[in-house]
Amino acid sequence: MTPEISGEDRSAGASESGALEADVAVIGGGVVGHGIAWEARRSGRSVVLIDEAPGSGASWAAAGMLAPVSELHYQEEGLLELMLESSARWPEFAATLTAGEDAGYLTTPTLAVGADPADRRALMDLRDVQRAHGLNVEPLTIREARSREPLLSPAISCALDIPADHQVDPRKLVRAVAAELAGHGQEIAAAEGYAVREHAAGLLWDGARVCGVRLAGGGTVRTAETVVASGLAAAHLQNLPEGLLLPLRPVYGDILRLGVPAHLQPLLTATVRGMVRGVPVYVVPRRDGTVVIGATQREDGVPGTSAGGVYQLLRDAQALLPAVAELELLEATARARPGTPDNAPLLGRVPAHGQGGGTDVAGLIIATGFFRHGVLLTPAAAAICRQLMDGITDPRWAAFRPGRFSPGLPDPLGPAAALSPILG
C-alpha cells in the first residue's frame with residue numbers, strides 16, 4: 001500500500017511483504033539529492049535516499065562556488081532567475097543544518113581577475129551583461145585588489161569585486177545533510193536511518209502512477225512520491241514514463257586540491273575566478289588551509305584525470321597567484337557532470353503520454369541535468385520539489401520542465417518556451 005502524504009511527521013519502515021515504505025524516495029545521493037531529501041523530511045514526510053555510494057559522484061569533485069553573478073554566461077540568461085532565487089535561499093538552507101556537522105558555507109566574496117589586456121576586455125564585456133541584468137560587479141584598481149589579496153600577481157590586468165558570490169564545501173555539505181537526515185527522528189529499516197546503499201534499477205508503477213523504486217538487488221521501496229535526482233544515471237533508469245527523453249551528456253571537469261604551507265597562509269581570503277589568455281580558472285580557499293583549483297571542461301569521454309587539464313590548471317593559477325608553485329598537490333580528481341542541450345536542469349513533473357496538456361504523471365518528479373550549477377541550485381531545487389509534492393506549481397520554472405526535449409509528450413507552453421539550445 002502506498003502511504004498517504006500528510007503534514008504530520010511520519011516514520012517509514014518495512015511492510016509485511018518486506019518492501020520498504022516511505023512518503024518519498026530520492027534516487028541519487030549527491031548534493032542535489034541530499035538537499036531534496038532534507039527538504040522533504042523537514043516537511044514532515046518520511047524519506048528514503050537510494051544510492052550505492054552517496055556523495056561520491058560529481059559532488060565529491062565540485063568546488064562549491066555559489067556564484068550566480070560569475071556564472072552568468074552568454075545565451076544562458078534564462079538560468080539567471082533560478083540561480084538568484086537559489087542564492088537567496090542559501091543562508092536559510094545552511095542555517096537548518098544544526099546537527100553539529102560544519103557544512104563549510106562561507107559568505108566570503110569573489111574576485112574576478114584578468115591576466116592580460118584581452119582578458120580584461122572579455123571580463124569588462126561580461127560585466128556589461130551582468131550590470132544590464134542588475135548585478136553588482138565593481139572594478140577594483142590593481143592596488144586595491146592586491147591590498148585585499150597580497151599574493152595576487154602584480155602583473156594582472158584587472159580585478160572586479162563580486163560580493164554576492166559565495167562558496168560552500170560540497171563534501172562537508174553532504175556529510176552535514178546526511179547527519180540531519182540520520183538524526184531527524186525517523187525510524188527506517190535502512191542503513192544510517194535514511195539511506196539504502198543500493199543501485200536503483202527502475203521505477204515501480206501502479207497503473208498510470210509511479211509508486212516507488214525497484215532496487216537492483218531485487219528489493220522495492222514503495223512511496224507516494226519518487227524524485228529522480230541521479231545525475232547521468234537518470235537516463236538509464238528502467239520504466240521511465242513513455243515518451244520521456246532525458247538527453248544528458250557527461251561533461252568532465254578536473255579538480256585539484258592543494259595544501260598551503262604555514263608561511264603562505266592564508267593564500268587567499270576570497271575566491272578568485274580568473275581569465276588567463278581567454279581560459280577560465282578559479283582558486284577557492286578553504287578554512288582548513290587548502291585550496292581548490294578548477295575550471296576545465298571536456299567532453300572526451302575519458303573519466304580519469306587529464307594530464308593536460310592538470311597542467312593547464314596549475315599553469316593558469318600560477319599566472320594569477322605565483323605562490324601556487326609552492327603549494328603541496330594533495331589530490332587530482334575528475335568527475336562527469338550531467339549536461340543538457342540547453343545547459344539547464346531537467347526539473348519538474350513529466351507530462352503524461354497521450355494525454356492533453358496539463359496532465360502529469362502522478363508520483364514522479366525529475367531533478368537532474370544541473371551541469372555546472374548543481375551545488376548553487378540545491379536549495380531552489382529542493383524547494384521546487386517540495387512545492388510540487390504539496391501540489392504547487394510555480395510558473396517561473398516551467399521552462400525547466402523535464403519533458404521539453406521529448407517530442408512525443410504534450411507541451412502546454414509550446415516549443416517557444418524552451419531555453420535557447422547551447423550545445424558543446
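This is a predicted model: local features need pLDDT of at least 70, side-chain atom pairs count only at pLDDT 80 or more; totals for chains, interfaces and linings use all residues.
View 1. As for disulfides, the count is 0, going by a pair of cysteine sulfur atoms within 2.5 Å.

**View 2. The largest cavity and its lining.** The structure has 1 cavity of 30 Å³ or more. Here a cavity is a set of points, on a 1 Å grid over the protein atoms alone, where a 1.4 Å probe fits but cannot get out, and lining residues have an atom within 4 Å of a point. The largest cavity holds about 50 Å³ of space, the volume being what probe spheres set on the points fill, with points joined across faces, edges and corners. Its lining includes Arg 286, Arg 287 and Asp 288, along with Gly 104 and Leu 106. Sorted by class, that lining has 5 charged residues (Asp, Glu, Lys, Arg), 1 nonpolar (Ala, Val, Leu, Ile, Met, Phe, Trp, Tyr, Cys, Pro) and 2 polar (the others, Gly among them).

**View 3. Residues 1-11, with pLDDT under 50.** The pLDDT (the predictor's confidence in each residue, from 0 to 100) averages 91 over the chain, and 90% of the residues score at least 70. Residues 1-11 stay under 50, yet the model gives them 26 contacts beyond four places in sequence (heavy atoms within 4.5 Å). Residues 414-418 are also below 50, with 4 contacts beyond near neighbours in sequence.

**Notes.** Numbering runs from 1 along each chain as its sequence is written, and side-chain values use heavy atoms, leaving out hydrogens and water. Local features need pLDDT of at least 70 and side-chain atom pairs 80 or more, while totals for chains, interfaces and linings use all residues.

Terms used. On a 1 Å grid over the protein atoms alone, a cavity is a set of points where a 1.4 Å probe fits but cannot get out, and a pocket is an open set with protein on both sides within 12 Å along at least five of seven lines; lining residues have an atom within 4 Å of a point.
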